[in-house]
Amino acid sequence: MRSILVHWIPYQWHKVGTGLAKSRVSTRQIQKIHISCPARSGLGVHMRSYFFRILGFWLTLALLWVWSQPLWAMTPQQALAIASGDTDRRIEALNQALGSADESLLNFLNALTNEEIWVKGDRVFRRQGEQLMDVATGVPLTDTEGAEPPLLNNRMRGEIEAAMAALKLFSNDSTERWSAAKALLKEPTVEKRALLEQALQREATPAIQATMRYALAAIDLSSADSAQRTRAAQTLGDYNSPDAQRLLNDQLNQESDPGVRAAIQASLQKLRSALAWGERLGVLFSGISLGSILLLVALGLAITYGLMGVINMAHGELMMVGAYATYVVQNLFKAHLPDWFDLYLMAAVPCAFLMAAAVGAVIERLALRHLYGRPLETLLATWGISLILMQAVRSIFGAQNVAVENPAWMSGGIELLSNLVLPWNRVLILVFSLLVLGGMAWLIGRTRLGLFVRGVTQNRAMASCMGVHTARTDTQAFALGSGIAGLAGCALSQIGNVGPDLGQSYIVDAFMVVVLGGVGQLAGTVYAALGLGVANKWLEVGTGAVLAKIAVLVLIIVFIQKRPQGLFALKGRSAEA
């Protein structure tokens with residue numbers, strides 16, 4: 001290829017020169033002729049042919065220049081210093097190369113981490129297929145004996161990853177540049193300062209410019225100059241982020257200069273005031289998120305206990321069944337439909353509902369239909385069933401927890417404030433809870449099944465006289481409540497591990513929600529779930545998780561003593577029965 005270009009270029013130049021010599025016109029005359037002559041005239045076509053020959057000549061020169069360049073613009077000496085030698089010297093060479101901020105360095109580091117770089121003697125090669133190509137000349141290595149990939153220990157890998165993150169400051173993607181600036185702000189190092197200044201001069205986006213300035217201030221916060229540290233502390237006081245707060249606190253613990261300490265303390269006070277609202281909103285969202293989970297868990301009990309009067313101690317295990325059904329669907333998608341894995345949750349939701357509903361229907365048919373009206377026997381029977389279900393799961397899936405992965409569209413979160421990120425899985429569980437609540441309210445209040453359930457629970461004998469199959473309605477109602485428990489298990493699998501003891505963590509809270517809201521009252525269940533969730537998280541801030549649960553339990557006991565019917569009491573004849 002090189003030889004062809006070498007012979008072809010002089011030939012083209014000879015043709016261009018010969019053609020111009022034959023035309024015997026000047027450049028100015030060429031311009032006049034090109035403008036004045038018609039496009040289809042012989043002279044116009046003749047001159048256009050010379051124009052395209054000249055254009056082809058220069059394009060060929062450019063192609064030859066690009067082709068003859070090394071794989072990276074960085075020098076072979078820099079590549080050799082980074083790829084071989086003592087770790088300290090390699091890191092020093094890497095930091096020196098960062099001063100150039102060349103994209104070729106990023107390409108080289110990518111190849112280095114992918115084990116595409118080999119070293120033989122004082123030459124560096126890149127593996128391309130089965131060949132090793134010299135990074136400086138592009139000449140393949142014929143004798144590969146003695147060539148070996150560079151050794152990358154954990155320290156060197158960490159330095160390379162940090163350097164690659166810093167080099168993204170020059171990416172064409174604004175999101176990557178912003179992420180790189182934030183990463184340098186979290187882990188500031190003096191070696192990256194020159195690179196950051198160079199990136200700041202080239203940056204045109206105001207928001208990214210501001211983040212880069214804060215990152216420079218984070219680096220200057222450990223400067224030897226006290227005046228520079230003071231300016232850095234004042235600058236970081238305007239960056240409303242927990243990262244700035246952490247950096248200032250770390251510097252305050254080791255700062256000896258009184259002036260710098262005063263500047264740091266003033267900035268910390270400003271940051272605390274700015275971040276306070278984010279912390280409050282974060283606690284509120286955590287409480288609402290917990291409330292949505294309690295609502296999902298308690299909705300099934302609102303039917304089985306609130307409407308049917310069955311104290312179902314196996315309700316938590318029905319949630320566990322739904323969670324394990326989600327786990328099985330996930331594994332099936334991994335094995336048979338890996339390209340559609342992100343959609344496995346769409347199939348897992350109905351599977352979790354149907355599996356838990358089927359188990360609930362079997363429990364009602366085999367045991368509970370003989371125990372209606374006897375609460376103590378029902379409690380003992382369902383407690384025994386819960387033990388059987390847990391042991392069955394241990395025998396099938398093992399006693400260890402299993403992991404259920406989130407789909408890609410449930411990863412990440414919504415960043416409302418610098419210290420407030422709403423995780424997508426929590427947000428979507430909240431939306432899912434509202435959808436289940438709406439579906440259940442429609443089913444109970446607007447459908448034939450809901451009419452039969454309400455009729456049987458209020459007056460079984462009268463409903464039977466009106467032609468309602470009460471035994472079938474009991475099974476359907478219990479299966480509905482069990483299916484909703486399965487949906488709760490499916491949702492819980494997205495925020496934690498799934499294990500045989502999954503339901504035990506929520507069953508007591510679920511009963512508290514139903515009792516506090518009012519037996520048989522759907523609206524009361526909603527208010528109680530959200531209220532308990534917010535109260536629990538709010539108390540955790542000052543007392544801790546254990547004391548917060550105790551305090552909530554005491555408040556519920558006191559409330560029930562004063563108002564046994566709960567937040568919303570039944571009205572009419574059913575309340576007097």
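Over the ring of which residue does the charged end of Lys182 sit, and at what distance from its centre?

Modeller: This is a predicted model, in which local features need pLDDT of at least 70, side-chain atom pairs count only at pLDDT 80 or more, and totals for chains, interfaces and linings use all residues. Residues are numbered from 1 along each chain as its sequence is written, and side-chain values use heavy atoms, with hydrogens and water left out.

The ring is that of Trp178, and the charged end of Lys182 sits over it at 4.6 Å from the centre (NZ of Lys or CZ of Arg within 6 Å of the ring centre and within 35 degrees of the ring normal). Arg280, for its part, lies over the face of Trp277, 4.9 Å from the ring centre.

Turning to ring pairs, the search of the whole structure finds 5 aromatic pairs (six-membered ring for Trp; centres within 6.5 Å; planes under 30 degrees apart are stacked, over 60 edge-to-face, the rest tilted). One of them joins Tyr324 and Tyr327 edge-to-face, with 6.5 Å from centre to centre and 85° between the planes. Both tyrosines lie in helix H14 (residues 315-336), 3 residues apart, or about one turn of the helix (helices are DSSP runs of H or I, at least four residues, numbered from the N terminus).

Tyr324 is buried at a relative accessible area of 3%, and Tyr327 is also buried, at 18% (buried is under 20%, exposed over 50%, partly exposed in between, with a 1.4 Å probe and protein chains only). The rings of Tyr327 and Phe397 have centres 6.0 Å apart and planes at 75°, so this pair is edge-to-face. It links distant parts of the chain, since Phe397 belongs to helix H16 (residues 375-397) and is 70 residues from Tyr327 in helix H14. Phe397 is partly exposed, with a relative accessible area of 30%. Through these ring pairs, Tyr324, Tyr327 and Phe397 are linked into a cluster.

How values were computed:
Helices (H or I, at least four residues) and strands (E, at least two) are DSSP runs, numbered from the N terminus.
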